[in-house]
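Hi everyone, thanks for having me. Let me put the structure up on the screen, and then we can walk through it together.

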Amino acid sequence: MRPALVLALLLAACKSAPQPTLNERAALHPRSKVEEEKTNDAFVQALREEYQALGRIQAVLRWYSGTQGETSLTQLTYIGHDRLFRKTALDAIALARQKPELAANEGQALTFLRRSLTGEIVALATAKLDDEYEDAEAAAAVTLPWREKPVAYRDLQNLIAQEPDADHRQQAFAAMNTVRVAKLNPILERKEEAAQKAARETGYPDYVALSEELRQVKLELLLASGVAYVKATDAIFRTTLDRVAREELNVPREKLRVADLGRLNKAPKLSQFFDKALELKVLEAFLSGIGLDLRTAAGTEVAIDDSLHPKKRPRAFVNPVDAPRDVRMSVKPTGGLDDYETLFHEAGHAVHFASSTVVPKELVDLGYGAPTEAFGEFFRHAFSDPRWLVRYRAFLAAQGKPRPSDAELAAVLRRLALKEMMYLRRYAFAKIAYELRLHGRPAAEIAPAAPLLSAPEKASADLRELYRQLFSAAYTFELNEQEAQLFRTDVDDTFYSADYSRAFALAGMMHDSIRKKFGEDWYANKEVGKFLRAQLFSAGTSLSSEEVAARLGFSAKVDFEAAAARARRLVSEADALEKAK
Ligand SMILES: [Zn+2]
């Protein structure tokens with residue numbers, strides 16, 4: 001079975017061509033290097049070649065839409081490639097996978113390829129609605145009483161983060177909400193239906209089962225870990241959030257609004273220590289300390305675009321166009337703690353992909369997502385380590401910049417610890433529970449989350465109310481009706497939240513392991529980079545979260561109890577640093 005859009009693309013591509021003859025497998029790409037496809041193996045080989053070519057073309061186009069604001073052409077690139085997204089392709093790959101003489105890495109490559117194509121089939125089925133959503137979002141603008149001209153919907157998130165006045169933040173949030181309710185949520189409701197239908201058409205019982213296969217996760221177990229994490233961190237999260245909210249925004253925890261969180265993450269009180277002009281230099285200092293750089297395993301350099309093009313995406317991102325040889329990183333430094341964090345996270349992706357020497361190609365970029373995110377988070381974690389923060393202070397002094405005091409370094413650490421807890425509570429608990437229900441699973445399946453809800457029976461038949469209660473529990477302040485309208489836009493396709501939440505926990509484990517192996521102050525030890533490259537990065541995306549844990553010297557599981565212990569350690573390290581001397 002194939003989704004409607006793929007069929008439509010096929011018809012459009014073949015309008016003037018003669019009727020295709022019988023065997024639909026026979027139509028290889030006209031430029032294919034595979035000469036004949038009389039055997040199943042040759043057919044699969046041709047599919048791999050075509051999918052890689054398509055992926056590389058899309059990556060280059062994405063690079064230009066991200067850095068230059070070029071109109072996105074992703075949908076157009078699928079025209080003529082429908083053979084990749086059919087059940088026949090999935091079946092052929094499954095058949096090739098069964099060959100007993102297949103080398104382990106080849107077998108894994110086929111597994112990754114099949115998962116990736118399955119995900120694309122579902123994505124293509126909703127692509128029209130994604131486009132409709134993008135267009136609606138791009139066209140929407142709101143008027144704010146203190147601004148002369150209408151403000152684009154897409155600029156509102158940044159505007160809110162930069163707005164010092166809490167009332168203005170509230171009004172901007174309310175304006176966003178009118179767009180959400182009137183224009184965006186209805187499109188997403190239709191998308192949800194289409195996605196569930198497409199998942200069943202690929203042969204899975206439902207969307208949740210498909211997502212579990214794609215991300216190799218048992219959501220029930222993950223939710224149980226998430227619930228335990230929320231309980232274990234509740235007290236320390238409340239006090240830390242209360243303190244940071246008072247310091248940054250002059251409000252207690254209970255008075256916080258969702259619109260305040262972006263502002264809180266910007267950490268405006270500490271902005272003088274995070275100068276945009278120094279971002280790349282700091283990164284270079286961090287990397288060279290541990291024997292890493294932005295050279296690739298193929299002898300090239302990671303390409304960096306640090307231009308200030310007005311249409312460029314403001315957040316840093318990495319694009320592994322043809323890793324390891326061609327890896328690109330886009331940065332548009334705006335300064336501030338959150339900008340530094342994003343840069344370090346993305347640099348983790350850049351170094352990882354630039355070091356991925358594993359073969360075949362599918363193992364470089366089609367494999368496990370959670371460890372990839374963990375490698376990014378691991379670099380970001382430098383700013384929640386007092387040893388790196390002290391080195392960072394020396395770096396600032398050497399640049400002739402103001403030196404942060406111990407208390408100010410402690411404030412940085414505390415904000416990072418807060419954000420890590422916030423992420424884990426949000427992704428491992430609230431999102432997993434909410435999205436299980438959104439995608440059609442019964443209330444019984446999120447039973448472990450029920451004790452954390454204020455009125456579970458009220459939430460059992462009302463998705464918006466469920467969202468409100470779950471995120472109120474995660475954030476520890478009560479969401480109002482308006483904030484609950486995020487229940488459609490605050491959703492990640494096929495449980496990306498499962499990769500994120502495991503990544504945060506895994507990155508903490510990486511940090512523990514490196515401390516154990518190389519000493520607490522490992523930031524000047526070049527062996528660290530060698531270890532990371534040899535043991536983790538060179539394997540591309542072929543290692544599961546469990547395998548990464550094992551290579552780090554732990555038992556083969558993602559340990560959320562360790563994540564909770566880490567949260568307590570970080571906060572006490574912040575307290576100790578604050579009181580030092
Ligand atoms: Zn990332």
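Let's start with a pair of helices: α17 and α19 cross in a right-handed way. A crossing is left-handed if the near helix is turned anticlockwise from the far one by less than a right angle, and right-handed if clockwise. Helices here are DSSP runs of H or I with at least four residues, strands are runs of E with at least two, and both are numbered from the N terminus.

Before going on, a word on the source: this is a predicted model, where local features need pLDDT of at least 70 and side-chain atom pairs count only at pLDDT 80 or more, while totals for chains, interfaces and linings use all residues. Residues are numbered from 1 along each chain as its sequence is written.

Back to our pair. Two packed helices are described by the angle between their axes and the distance between the axes. Helix α17 covers residues 406–438 and helix α19 covers residues 463–475; their axes come within 9 Å and cross at roughly 165 degrees. Axes are lines fitted to C-alpha atoms, for helices over the stretch in contact, and angles run from 0 to 180 degrees between N-to-C directions. So α17 and α19 are roughly antiparallel to each other. For the wording, angles under 35 degrees count as roughly parallel, over 145 as roughly antiparallel, 65 to 115 as roughly perpendicular and the rest as oblique.

Which residues of α17 and α19 meet? From α17 there are R425, R426, F429, A430, A433, Y434, R437 and L438, and from α19 there are L463, L466, Y467, L470, F471 and A474. Contact means C-beta atoms, placed from the backbone, within 7 Å. By class, that contact has eleven nonpolar, no polar and three charged residues. Nonpolar means Ala, Val, Leu, Ile, Met, Phe, Trp, Tyr, Cys and Pro, charged means Asp, Glu, Lys and Arg, and the others, Gly among them, are polar.

Next, α4 (residues 87–97) and α5 (residues 104–125): they pack at about 165 degrees, with axes 9 Å apart. They are therefore roughly antiparallel to each other, and α4 passes α5 in a left-handed crossing. Among the residues making this contact are L90 and I93 of α4, and L110 and L113 of α5. The contact divides into eight nonpolar, three polar and two charged residues.

One more pair: the axes of α6 (residues 127–139) and α8 (residues 166–201) come within 10 Å and cross at roughly 170 degrees. That makes α6 roughly antiparallel to α8. Their contact has seven nonpolar, no polar and five charged residues.

Now, what is buried? In helix α21 (residues 526–536), the buried residues are F531, L532, R533 and L536. Buried means 20 or more other C-beta atoms within 10 Å of the residue's own, exposed means 12 or fewer, and partly exposed is in between, with C-beta atoms placed from the backbone. The cover over those α21 residues includes α15 (369–380) and α22 (545–551).

For contrast, look at K218, in the loop between α9 (207–215) and α10 (219–249). K218 is exposed, with 10 other C-beta atoms within 10 Å.

Of its 581 residues, 44% count as buried. Along its principal axes, the C-alpha trace spans about 80 × 55 × 50 Å. Thanks, everyone!

Definitions and conventions. Two residues are in contact if their C-beta atoms, placed from the backbone, lie within 7 Å.
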